[in-house]
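Visitor: I'm new to this one. Could you walk me through how to read it?
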Amino acid sequence: MADVRGIHDVDRRLGSGRLSALVTGTAGERPGYRALAHGVRTLLLDGRIPLRTRLPAERELATALGVSRATVTAAYDLLREGGFARSRRGAGTWTELPDGRRPAGVAVFPVGDGMLDLAVAAPGAPEAELGQALAAAGAVLPRHASTPGYHPYGLPELREAVAERFTRRGLPTIPDQILITTGAQHALSLTLALLGRPGDRVLVENPSYPNALDAIRRAGLRATPVPVTDTGWDTGLVESTLRQAAPRIAYLVPDFQNPTGSLMPREQRLRILESARATGSWLLIDETIADIALDGPPPAPFASLAPHGVGEQVVTVGSLSKTHWGGLRIGWVRAGSRLITELAMARVPSDMATPVIDQLVAVELIAGMDEVLRERLPRLRAQRDALAAALSRHLPEWRWKLPPGGLSLWVDLGRPISSALAEAALGHGVRIEGGARFGADPGTHEHRLRIPYALPAALGEEAVLRLAAALGGGGLVAPSTAGAPRHWVA
C-alpha cells in the first residue's frame, strides 16, 4: 500500500494536488512504469503540473507511491524520451513539453461558404432589441453633436446605468467607480498595464481565456498558473500561490469560468479575498460571462463579498459582448474612484474614448437587459443540452461536465490530439481551436476542446457530425506547430 502522506507531500511540492490520482486511479494496484509516465504526462498536458517544475527525486517518488525505484527510473526515462522531461546532473528532473507544441503568431480565419465557427463563444445580436436601441440612440445623438464627443470616462448616462446594475446585483456602486471601455479586452489590457510592471507575477487560472493570457504576456508580466479542473478550483493551492509567489495581480474568472464553465462557490471566494488582503495582491475579476446563468440565479458580484478595506483591491471588468453582441464594443471597469481616474488618464494616449453612438446604444440595451436575458437564457440552455446530446450520440468516447452557465463545453478527448483534430476539422468545414490555445503553459490541454453552444441546435449537431468525420479520417498526430500561427478566438 502506498504511503498516502508521502504522496500528499509530493503533491504540495509540485503544486498539483493531483499526483495521488496515480495511485487511487489504479484500484489499489501499484502503477507500472508506463502507467506512471502516462499519469505524469496527462497531468502535465492538463496543466495540473506546471511546466519547468522540478519533479521529485526518484527515491522520494518511489517511497511515496510504494513502488520500486527502478519503476520510477524507467518512467522518467520514458518522459525524457517523449520530450516531457529533461534532466541535468546535480539539478534533478524538470517538466517540459516536446518540440512543436509551442504556438506563436496570430492568424484569423475568414468564416464563410458553409464554415461553422466554433472558435467564437458568443451569440449573435438580439436583432429587434438592437434595432430599437439604435433608433433610440439616433434620436438623442443630435444633442451630443455640438460637443467635441470625447468622454475618456464614458458618457455620464452610461456610467450611471452600469453603476445602477451593479447596485441591483448586490454591489453598491456610484458612477465615479465606473470607466467605460472599448470592450472587456480593452478593460483588461488597460488595467494590467496600469497595475503591473514588466516582470511582475500574475496569478492565472490554467486553462484560461486566451486573449487575457496574451494581454498578460504583451504587458511583460509573468503568468503563475493554478489549475482549474472539472471539479473547479483548488482553493488551498490558490492561497498558497498568493502567499509564496506574491503576485502583483490575480486574474480570475469565477463566474462560469472560460473555458471550463465552473462556478466558484461563495466560501472559496471569501477565502481568496482574505488571502488577497493578507498579501496585498490586486484581484482582477472578469465578469464577462457572469449573466449567462443557465441552471440557477446569476451570482452576486465577487467584490460584494469583500470585507471592509479589501474592496479597493478588487477590480471588476465586464462587457455586453456575451449578453448582447460582440460587434458592439462596450465594456467597463468597476473599481475605486481614484483608480478609475488613473485608468482614464492612462487610456487617453492610445484610445481617447469609446464612440458616443455605441455608448448611446448601450444605455438602451442595459435598460432592457433583463428582458433580453429572459429570452436568451432558455435558448442557450436548450442549445447546451442539444450539443451534449449530439456529442453523446456521435462521439460517445468523449467526456465533459455539463456547466451551470457560460457558453461552452470543455471536452476531454481522451488523447492529446486536439490541435491535429482542429486542423483536420477545417477540411470538414469547422473552425475550432485546440485546447492548447487555452493553456497558461504552451502545449498543455492538448486532449481538450472548447466547444461552444452559441450556434442554433441544428448547426451544433451538424458541427458535431463534421468533427466526428474529421476524427474518423484517422492519421491524427500532433502537428509540428513551431512558429505556426496562434489562431484568433473569442
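Guide: Buried means under 20% relative accessible area, exposed over 50%, and partly exposed in between, using a 1.4 Å probe and protein chains only. Keep in mind that this is a predicted model, where local features need pLDDT of at least 70, side-chain atom pairs count only at pLDDT 80 or more, and totals for chains, interfaces and linings use all residues. Residues are numbered from 1 along each chain as its sequence is written, and side-chain values use heavy atoms, leaving out hydrogens and water.

Visitor: Which residues does D441 touch, not counting residues up to four places away in sequence?

Guide: A contact means heavy atoms within 4.5 Å. By that rule D441 touches P50, L51, R52, N206 and P225. Look for D441 in the loop between β13 (430–431) and β14 (448–452); strands are DSSP runs of E, at least two residues, and helices are runs of H or I, at least four, numbered from the N terminus.

Visitor: How many aromatic pairs does a search of the whole structure find?

Guide: Rings of Phe, Tyr and Trp (its six-membered ring) pair if their centres lie within 6.5 Å; planes under 30 degrees apart count as stacked, over 60 as edge-to-face and the rest as tilted. Here the search finds one pair. The ring centres of W410 and F438 are 5.7 Å apart and the planes sit at 70°, so this pair is edge-to-face. W410 belongs to strand β12 (residues 408–412) and F438 to the loop between β13 and β14, so the pair ties together parts 28 residues apart in sequence.

Visitor: Are W410 and F438 buried or exposed?

Guide: W410 is buried, at 3% relative accessible area, and F438 is buried too, at 1%.
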